[in-house]
Amino acid sequence: MSFWEKVNDLDRRIIYLIIGLTVFIPLLFNVTMESKPTQPVENIYDKINSLEEDDVVLVSFDYAASSLPELQPMANAVIDHLFRNDIKVVGMALWPVGVGLGTLVMEKKAAKYDKEYGKDYVNLGYKSGGLVVIDSMGGSVKKTFPTDKDGVALKDLPIMKHVNKLDDFSLAVTLSAGDPGLRHWVMVASDKFGLPVAGGCTAVSAPQFFAYYNSGQLLGLMGGLRGAAEYENLIDVPGTASAGMSAQTVAHLMIIIFIIIGNISMFIIKRKKEKEKRK
Amino acid sequence: MRKAVGVLLFLLLGTVLIYSSSDVSSLKVRDVPYDGGGKLVVSWNITAEEEVGNIKIFQKINGEDWKLYKSTNKLVDKMKDNSVNHKNSYKYKIEVYDKEGNLLFTKESKTITPGVAFYNVGKTAVLVSLLIIGGLIYYFISAARRGQKLKIRRIPALDSLDEAVGRATEMGKPVLFVPGILDVKNPQTIAGVLVLSEVAYKTANFGTDLNVPVSKPIVLSTANDTVKEAYMRAGRPDQFNDDMVHYVTNDQFGYVSHIDGYMVREKPAAVFMLGAFYAESLILAETGHSIGAIQVAGTAMPSQIPFFITTCDYVLIGEELYAASAYLSRKPDILGALKGQDYAKLLIMIAIIVGAIMTIIFPEFHFAEIFTDIG
Amino acid sequence: MFLKRQLPFVITLITSLILIISYFSPHPTISPLRSIFQDWYMIIVAFTMFVGILSLVKVSIKKIKREKGIEVLYPVITLVSLIVMAFFGFLKGGLDNPGFDFMFEYIMVPLQATMFSLLAFYIASASFRAFRAKSTMATILLITAFIVMLGRVPIGEWITGDLLHFTESSFLSRFHIPNVTEWIMNVINMAGQRAILIGAALGVMGTSIKIMLGIERSHLGGE
């Protein structure tokens, strides 16, 4: 087997090792990279800036630990922005694990901006049913979630005084890793109840949501780590996404190099075979 | 006398000013049409000579006492009142205060009872589309039942079922079927289960082991019934056992770890992945590729299709997954439904082309809004 | 036979008709029916969990009896994890119980993150294998992938922005890598995505009508 044939059939474990190292090293040295904001991300930023103190924003944490590296930085950045602008936040989750992850973000940022639970923010907790839950909230939020995650009746919380139905919120931001998630928020909250919906999703699923963004059904979109890094850049609070961008950049470059090497080896082998045939 | 006239004039002017300032201000309440009677919109526009400090909005239900609804400092604004009910009547009042907290004036709205609609006119475009598409599908189902011959194009992925199961049989290895990670309420899962019926029929005929791990308990009973029925149809009920279809976990990556582990240990010769998939698609398919299994995948998740195409031997793209049951069963009414879908697609294509041309020629007509304004 | 075939069909037809009508009618006599069905669905889904756990336990016990050597370990670990996690979940504090919280944070979270991160490695090996300029179409795909990959990371901005100063000219800025990426994503990618979405949506509609009318019954375990 010639050198190029070996390269052409490169053992996948070598690829894994190189990718592992290229991701690990930039993270080790904590190199941060600034990402220029794109329009879909800026739209969310602008919408939140246009809100007023009376407005209540719904944030749905529809992800689990697996997509935490991509979606938690988005949650951090958006909640930071909302609290900084003194906007009330109602958190909820369509994924069971999302409750804990949302609580983590909200409590951290509430402490930073001195926000009071029940008055400035609340966590409604998890409800199973996905799309059905959103639809049911369109009829009555208080019937869908009679209590918050700790069992306190919603009618006793000042923040929920004027929140009866889904469209009482000024905006819904969903951080979604799959199903149930962004697609259902667009289908029900945006299309059926007319609530402006913005979202964050993993980089892998971002391309499919551009269709909803361009049709205006989705107000704004943060795609993967890059989307989170752009939002961090907009609010000027660098976080884990900005730090992760360096690793992602190197990994992308490495994949490009792999593709180039793969193609060179393929061409050399092809030419060699053609020569052998001619002989 | 002059003084008295002066005072009188001053009072008159003052009254006119105060009166006019409150008169220009308005408080309106309107019912939201075509809803279930659960929403009113209250709007106000306040013009006052003095600087306004606070505005209090009160609500009165069925002529009872006024209750403070909310306070604001916005002179021009509107609010949705979603707390209303069609069985009650409502009246609103605003009290406008100056910076020192003195009441400048009040304004009351008319009494209103939220109206109840039987039909939401805003959804007419959806209803018309539904009737046309549904009608087309129904028409072709009837036509097929009347004996009209219907053709369906070749779908290589579905033709490969025999090849895949046959290879597993030759190698003496099991067949793995993954019906996706969503519930049966997702049509992709149902479409996957319909193909499972055919795969199970073949494994029953060939006497090959079949393994169907599921990630949703509700899919468990559906898939189990389907496999059992397929084995009975093939005349091999003795070969069926309850463990063929088994539940693993609801957790996405827990489920993936189980299947990956199974693939690496048992090395199934044929892997079918048909249903709804997310990030796990590549993790499953790449592992399947590494063990050299023949892989047939199908999903309508646009972002996962590229992953399947790069790693699988055959892929059902989008609607092909839904066409699978028609293709495999060749039952006339199911083929009829498929033909109806094709005509509906033709109509959508025409609408897109006409819409694009109309938007270019008459941009002021806002042609697209006919379809986007779905309420 | 009635319980297995006719009854599920009748239930499907009635519930789907009511849900369709409730989509178009906001009348208060209809919408409560919708929420009743929604509540029932949520309750049924919660109860099916028991069926799932039963299946898991049954299959694991059978495996323990059947397998030999290291293979026995897998079902044992599954059952032990299930029992321990459930035990702590039922203790005081439920999901906030320190034991449950510890296992969740230090076992579940890293395990899930590990599985998801495998994607990065698999994408690398799959693209190494798949992105080959074997034909004209494959070459176009390859070049597009190149541009999008560069455009999604800051280095793309740097190449045509800081290095080649494309952004300074209105004509050349069209060829600035992030702008080209955005165009590919918003125009070419979206056209394809929409075509697939429309086709799939029609497929959903067709399947739903077939199920509603009882034409498609394979999922009920019958022809």
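Here is a short walk through the model, one selection at a time.

Before you click, note that this is a predicted model, in which local features need pLDDT of at least 70, side-chain atom pairs count only at pLDDT 80 or more, and totals for chains, interfaces and linings use all residues. Residues are numbered from 1 along each chain as its sequence is written, while chains are lettered from A and ligands numbered from 1 in the order in which they are written.

**Stop 1: chain B.** Select chain B and you'll find 11 helices and 13 strands (DSSP runs numbered from the N terminus: H or I of at least four residues for helices, E of at least two for strands). Its radius of gyration, taken over C-alpha atoms, is 33 Å, well over the 21 Å that the globule rule (2.2 Å times the number of residues to the power 0.38) gives for 375 residues, so chain B is more spread out than a compact globule.

**Stop 2: a sheet in chain B.** Now pick out β1, β2 and β5 of chain B, which form an open antiparallel sheet in the order β1-β2-β5 (strands pair if DSSP finds at least two bridges between them). At the edges, pairing on one side only, are β1 (26-31) and β5 (76-81) of chain B. Strand β2 (residues 40-45) of chain B is joined to β5(B) by six bridges. To see one pairing, select Asn45(B), whose bridge partner in β5(B) is Val76(B).

Stop 3: Residues 103-124 of chain C are 100% helix, with end C-alpha atoms 32 Å apart. Residues 136-155 of chain C are 90% helix, and their end C-alpha atoms lie 27 Å apart.

**Stop 4: over to chain A.** Here 15 residues of chain A are in contact with 14 residues of chain B. On chain B's side, seven are nonpolar, five polar and two charged. Finish by colouring chain A by domain: domain 1 (3-29 + 245-278) and domain 2 (39-237), with bounds from an automatic or database domain assignment. The C-alpha centres of these two domains of chain A are 40 Å apart.

Technical notes: Contact = placed C-beta atoms within 7 Å. Nonpolar A, V, L, I, M, F, W, Y, C, P; charged D, E, K, R; others polar.
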